[in-house]
Amino acid sequence: MNRQGVSSRQQTFSMWQQTSLITSTLIGVGILTLPRTTSAVLYEAGWMSPVIGSVVALLSIWMIARLSQRFPGMTFVEYSAIVWGSAKYLRMGKWLSLPWILAYLSCMYLATGIVSRVFGEVVVTSVLLDTPLEVIIITMFVLVFILSLHDLDVVARINELLLPLILLPVLIIALASFQKAEWSNLLPLYRASLPSLFKGAFEAIYAFSGYEIMLIFFAYAHENESKIKAGVYGITITMVIYTLIVVAGIAGFGYEELQRVAWPTLELVKTTKVPGLILERLESAFLAVWVTAVFTTVANAYYAFIYGLRQLFNRGIGFQRIISAIMFVPLYFITLWPQNVVDIFRFTSYFGVFSLVINLGIPFLYLTLLFIRDLGRKQKERNADG
């Protein structure tokens with residue numbers, strides 16, 4: 001597909017829809033473990049981790065938005081050939097960009113499996129104790145497959161619809177959990193070393209991973225200038241939610257007790273009472289909201305993967321539907337590969353490094369190549385004028 005044809009593509013995503021895509025993808029399984037992972041490194045100051053991690057995420061989403069602004073109406077898969085080649089040498093650009101495209105698509109594919117497996121573990125250990133893990137994972141895959149049968153505008157509308165249903169209950173639960181908070185658990189404010197601060201920030205950076213789906217979805221922004229604003233809004237909203245959850249967890253349990261709980265946020269919700277006993281078992285409402293949040297995370301990541309494959313092979317919606325069904329088969333076995341929760345946490349830590357390389361490395365590399373090319377072109381123009 002040539003650049004002119006792509007640029008004339010109908011662009012329909014509003015700034016709110018872009019924000020919804022980012023926020024809905026980021027708020028997922030990480031919300032259950034973040035109080036434990038951050039306080040394990042930073043102790044009472046674990047709440048600083050999502051704040052610092054959001055800075056890295058803001059830098060990355062800014063670079064992704066700048067790339068998309070440079071190539072309006074084009075996805076990462078499409079403009080990669082131009083970045084690595086040129087409009088004249090597209091074939092060479094396609095071959096040089098292929099490893100980076102495959103790395104990005106692999107990241108989206110593995111993220112789908114990891115989130116689905118953590119989701120299944122939480123459900124079978126907390127709610128449906130007698131339900132096989134395989135059934136939970138297959139159920140999630142079926143829902144995601146149904147969404148992948150539709151075009152991009154449907155994905156945006158679903159995220160736009162579900163985001164308020166995710167944010168409002170999570171905010172209410174986080175604030176309600178402050179009733180039994182022991183604020184002394186947050187003192188001293190800071191006693192961790194500088195290396196620990198960076199390590200704690202890395203734990204939060206993994207929780208922020210997922211916004212790289214915008215390498216695909218930014219191509220459909222209604223206004224080219226709205227991309228950076230949408231990225232800032234999405235990361236900031238997620239940072240506020242994560243910080244409130246971590247503060248509530250540390251204030252409610254203390255950092256030492258958090259290390260003994262696999263899903264600290266869920267345990268926090270179980271000990272929280274809503275004033276007036278409107279809900280006697282608050283964890284049931286929380287899990288309903290959390291399932292919705294996980295669905296948007298899994299669905300958005302898998303859709304970005306499938307749509308990227310569709311563009312890589314330059315095919316239509318029919319190819320997307322067929323390949324979507326086929327790719328769930330190996331993903332199912334990848335999802336079940338970790339033997340237990342310990343293996344899952346170890347695998348997610350390795351994947352966090354990989355996703356960080358994708359999130360920061362690819363946009364930085366592409367912008368650097370474009371900067372060097374611009375310098376070379378300006379130099380040629382000066383020589384020609386001279």
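How much accessible surface does the protein chain have, and what share of it belongs to carbon and sulfur atoms? Some notes on that and the rest follow.

1. The accessible surface comes to about 17,500 Å², and 67% of it belongs to carbon and sulfur atoms. Areas here are from the Shrake-Rupley method with a 1.4 Å probe, and for residues only the protein chains shown count as cover.

2. Before going on, bear in mind that this is a predicted model: local features need pLDDT of at least 70, side-chain atom pairs count only at pLDDT 80 or more, and totals for chains, interfaces and linings use all residues. Residues are numbered from 1 along each chain as its sequence is written, and side-chain values use heavy atoms, with hydrogens and water left out.

3. On secondary structure, the chain has 16 helices and 0 strands (DSSP runs numbered from the N terminus: H or I of at least four residues for helices, E of at least two for strands). Its radius of gyration is 22 Å, close to the 21 Å that the globule rule gives for 386 residues, so the chain is as compact as a globular protein of that length. That radius is taken over C-alpha atoms, and the rule is 2.2 Å times the number of residues to the power 0.38. Along the principal axes, the C-alpha atoms fill a box of roughly 75 × 45 × 35 Å.

4. Of the 386 residues, 53% count as buried (under 20% relative accessible area; exposed is over 50%, partly exposed in between, with a 1.4 Å probe and protein chains only). Among contacts with a separation of 6 or more, 85% join residues 24 or more positions apart, a contact being heavy atoms within 4.5 Å.

5. Leaving out residues up to four places away in sequence, Gln320 touches Ser148, His150, Tyr303, Ile306, Tyr307 and Arg310. Ile52, in helix 4 (residues 48-70), counts as partly exposed at 27% relative accessibility.

6. Ile52 and Trp263 make a pair to check on screen: they are 211 residues apart in sequence and 22 Å apart in space, C-alpha to C-alpha.
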